[in-house]
Every structure is written in C-alpha cells, then in structure tokens.
Amino acid sequence: MTLSEWRSGNRLWCPLLCLLAAALAAPCGAREVDPAEARQAMHRAVDFFRQHAASKGGGYVYRLSGDLMKREGEGAVDAATAWVQPPGTPAIGMAYLQAYQLTGDSVLREAAIETAEALINGQLESGGWDNRIEFAPKERRRYAYRVEKHKGDRNVTTLDDNKSQSAAMFLMRLDQALDFQHPEIHESSLYALDSFVRAQYPNGAWPQRYSEFPEAESSPPRKASFPENWPRKFPKRDYGGFYTLNDNTIRDMIETMLAAHRIYGDQRYLDAARRGGDFLLRAQLPEPQPGWAQQYNEQMQPAWARKFEPPAITGGESQGVMSTLMRLYRETGEPKYLEPIPRAVEYYRSLLLEDGQLARFYELGTDRPLFFTKDYQLTYSDADMPTHYGFKVGSKLDTIEREYQRLVRQPPPKVADGPRKERVETPRLTDSLAKDAEKTIAALDERGAWVEQGRLRYHGDEDPTREVIDSRTFAENLLVLARYIAAAQSSDNER
C-alpha cells in the first residue's frame, strides 16, 4: 500500500497523527511570543478601551455589554457617566500607569494622563470624589466640581469602598512618575490629600463621607466601650459621620497617608497615618471581646449603619485592622501597633465557624453569630440570608499570625525620612508568563476587545446580555502583556 493510498483510507487518523507529530517536535514550554507582537496587541487593546469603553469624559465603568450598547458601575449608566470605585476609573488609570512604568510606552503614558484628567474634572470642592463622575452638562450642574465656574450643591466626598482614596492614590503615583511636572495633576493630588487630613477627626478616625470638616474640639480621643443596650430594630439614623472601619475605610485612608508621605515627604501625612493607627488601638473593644466593630458613634460604641449592619463585633474588617497595625509598625517602628494583635488573633480563633470561616457579625456580650433574613430581620440562623452581602468571610488569621511572628523575631524596622522613589521590579521571563501572554493575545477579538461570558448586574433579570467587557479583566490582561514585554526586553539586554 502506498502512503497516498493509506492517507485516502484514513482521513480521520491522519490529521490527528500529524498534530501529534507536530506537538512532539515542538520545544518544551510556551511558544516564544515576539515582544513586538505583544506590544502591538497591547496597543490595540488600549486603543479600543480608550475609544469605546471610556465615557465621553475619559473615565471608565465596571463593565459593558459586548456590543457596547449598555454599561454599568454600581447601577446602569450611559456613556456620559464614569464610575470611581474600583474597578472603575482610578483602577484603570493605575493599570495604565503600571504598564507604562514597566514598558516605558508613551501610549500608556498618554492613557494614564487622560484618565487622570477625567478624575480632575470630577474632583469636588470638598477635596475627594463621589461614587460617579457626570460629564453631561445638565448632570454636571448638580455637583460642586472644582473645575466648574457655576457649581451645584452636591459636594460629598465618599471614602467607603476605596473610592476617593483610590483616586488620590493613582493621582499621586502618576504625579511622581511624571516627576511632578504636570501642574494640574500635582495640584489635584495635593488638594485631595490636604482635604483628607482636614477631614480626619481629632481622635484619628475618618467618617464614611463628608462635605464639611470637623471642629478642632470635636471627637476627643477615648477608648471604645460597649453600650448598655442596643436597638434590635434598624433605627434609620444617618451614619455617614460615624467613625468608620466598614469597607476598610480607615485602613484605606491610612494606606493613602503612608503613600503620600513616601511620595511627597510631608510629615503631616505620616502624622495623620499615626493618628489613624492610634484610633485603631483605642477602637479595640475591651475584654472579653477584644475585637473591633464596623462603625462607632460619638461615644465610641458600636452602632448601626445600614439595615443589615448592626452594632456588633466584626469578623471582616477586624482582619484588615490587624494587617494595618502591622503595616504601621513596618513604616514607623513603633511597637505599640503590634501590642493588640496576639489577644485579638486568639479571640477571633475562638469565633471560627465549623467551616473555618468567620461570621461578619458577632453579638455584643455573647459572641453568637448574627445574620439577617432576606426581609432583613435580625436572626441567629444563616438559613435565609440575602445574597448581596457577605455575612460570612474567609479567615486570614493564620497569615496574620505568621506575619506578626515574623515581625517580632526581626529587629525593629528602620524608618526612612523624606520622599522615596517607587521601585518598579522587572519581572523574570518564565514559561508561565509567556503562556499567559500568548493566551491574552489570542483572546483579543478583531476589535481589540477582551470579551467574556457574563451578565450585567444592574440591567434587570430579563436582560439578554451574555457577553461582557469587564474593566477588571482589561486591567489584568494589560498588565500581563506589560510584564511580558518588560521581561522580554530585560532578557534581550542580558544576552
């Protein structure tokens, strides 16, 4: 039998054997992606995202439908609205900035500056940002945007969910990357940071949101305590001014102040971070429940916030508090920030649920886990919980304890004075990184978009969308390509 006769009689097996032979002949590891191909793909993706995913003002939202007809942040919006909370505008700006720092690519520099300008156009007179930025003229007139000649009344800086903090963090890091030579970015960054310092209560806490600054004699430092009793029914009180750990508000503020001190070298920012840490020390509740609450009222007692956030010991934000205290120790060398951690870790270990998680809320005085029913009735049962909120959280206690033990075994950290330039580590060129780059390039559609299976959360249950363009995915994929390009360039230079 000739080879051609065998092939004609084995039409199914021949292609498979050919593929197998090709695979066996291929070298181990991923195909070595040409860095020029990766850069071209990166440019296509950035160009598409800037032209089609950005709002009319240059900001971004959480996700769009694959056909670009619908978009949303924490709600359905149109193309004249940008969203601030990550993974919205600041998160995309930070991805552009990090990719620029890795690659030195001017396209990414321009994209980062464009995104910063969108944030500048959404900065409020109070210094920070609302959850959204409106660019349509009629909507803009409602807000007290700094850049507008005729300002509206809405002037509330929002700190929860890392909104204003992430915007300021991006602006100051971009300011440093531009050697402080972009006047508008530099001024906007300092204006935000100075307003954050002014918004800090004298006891070191920050509120969830603000439009005015506290009086110097308000909120004297005092230790947290338990209320004699607390209402089991939601009291519908405004909680925006409470001392807020919820959504890691104070943690994010302390991180912002520490970063500001590193970048600008201004002692005021480090002092603000220390005051924030001192508040966290005082906010630890006394024995036998040495944990933290999500928010505290003027008497430094746990208080209600939203209808599903009761006065309670929190198993969620408490872990962020402990990590922040260790962060402050690493930055300042002050041992007082480590002192609360051992008893807090031991206490929270005693609260672990059977599945190894922590409840978001534990009852004051009893340590019993608290939950809510779908109609928001407070209960001890987890059988009928709403799905929009995490009433159980993962335990990070092992990680926290390991880091604590590492810190106490080492000599106290050296405290650096003055501004410090951010170091950008060049990644190593590995098979894993090459494979990720290859997959990322292959996933781009003909437009330059990364489209994935998904739903829009805020367009109703009947919305037919099944393909979305997600900002988080864009940022992750952009950085994959940037890391690969940087690694490949470094590898070529070493040869």
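These legends describe close-up views of a predicted model.

View 1. Strand 16 runs antiparallel to strand 17 (residues 467–470), and 2 bridges join them. E452 has V468 of strand 17 as its bridge partner.

**View 2. The loop between strand 1 and strand 2, with L68.** Strand 1 covers 63–65 and strand 2 covers 71–73. L68 is not a glycine, yet its phi is positive, about 70°. The residue is partly exposed because its relative accessibility, 24%, falls between the 20% and 50% limits.

**View 3. The largest nonpolar core, with 139 residues.** Y96, F279, W292 and Y296 have the most contacts inside this core. Helix 15 (residues 471–494) contributes the largest share, 11 residues. Leaving aside residues up to four places away in sequence, F279 touches N203, G204, A205, Y243, L245, I250, Y296 and M300.

**View 4. M300, a contact of F279.** M300 sits in the loop between strand 9 and strand 10 (313–314). Phi of M300 is near 60°, a positive value in a residue other than glycine. M300 counts as buried because its relative accessible area is 1%, under the 20% limit.

**View 5. The largest pocket, about 780 Å³ of space.** Its lining has 33 residues; D161, D247, N248, E317 and R360 lie nearest the centre. Two or more lining residues come from each of helix 9 (249–264) and helix 11 (317–332). Helix 11 gives the most, 6 residues. By class, the lining of the largest pocket holds 15 charged, 12 polar and 6 nonpolar residues.

**View 6. The second largest pocket, about 320 Å³ of space.** Of its 19 lining residues, Y201, P207, R209, G240 and G241 are the closest to the centre. The lining of the second largest pocket divides into 8 nonpolar, 5 polar and 6 charged residues.

**View 7. Cis peptide bonds at P87 and P288.** The bond from P86 to P87 is cis, with omega near 10°. P87 lies in the loop between strand 4 (81–83) and helix 4 (89–103). The bond joining E287 and P288 is cis, with omega about 10°. P288 is in the loop between helix 10 (267–283) and strand 9 (295–296).

Definitions and conventions:
Residues are numbered from 1 along each chain as its sequence is written. This is a predicted model: local features need pLDDT of at least 70, side-chain atom pairs count only at pLDDT 80 or more; totals for chains, interfaces and linings use all residues. Side-chain values use heavy atoms; hydrogens and water are left out. Two strands pair if DSSP finds at least two bridges between them. Helices (H or I, at least four residues) and strands (E, at least two) are DSSP runs, numbered from the N terminus. A nonpolar core is a set of buried Ala, Val, Leu, Ile, Met, Phe, Trp, Tyr and Cys residues joined through side-chain atoms within 4.5 Å. Buried means under 20% relative accessible area, exposed over 50%, partly exposed in between (1.4 Å probe, protein chains only). Contact means heavy atoms within 4.5 Å. On a 1 Å grid over the protein atoms alone, a cavity is a set of points where a 1.4 Å probe fits but cannot get out, and a pocket is an open set with protein on both sides within 12 Å along at least five of seven lines; lining residues have an atom within 4 Å of a point. Grid points are joined across faces, edges and corners, and a volume is the space filled by probe spheres set on the points. Ala, Val, Leu, Ile, Met, Phe, Trp, Tyr, Cys and Pro count as nonpolar, Asp, Glu, Lys and Arg as charged, and the others, Gly among them, as polar.
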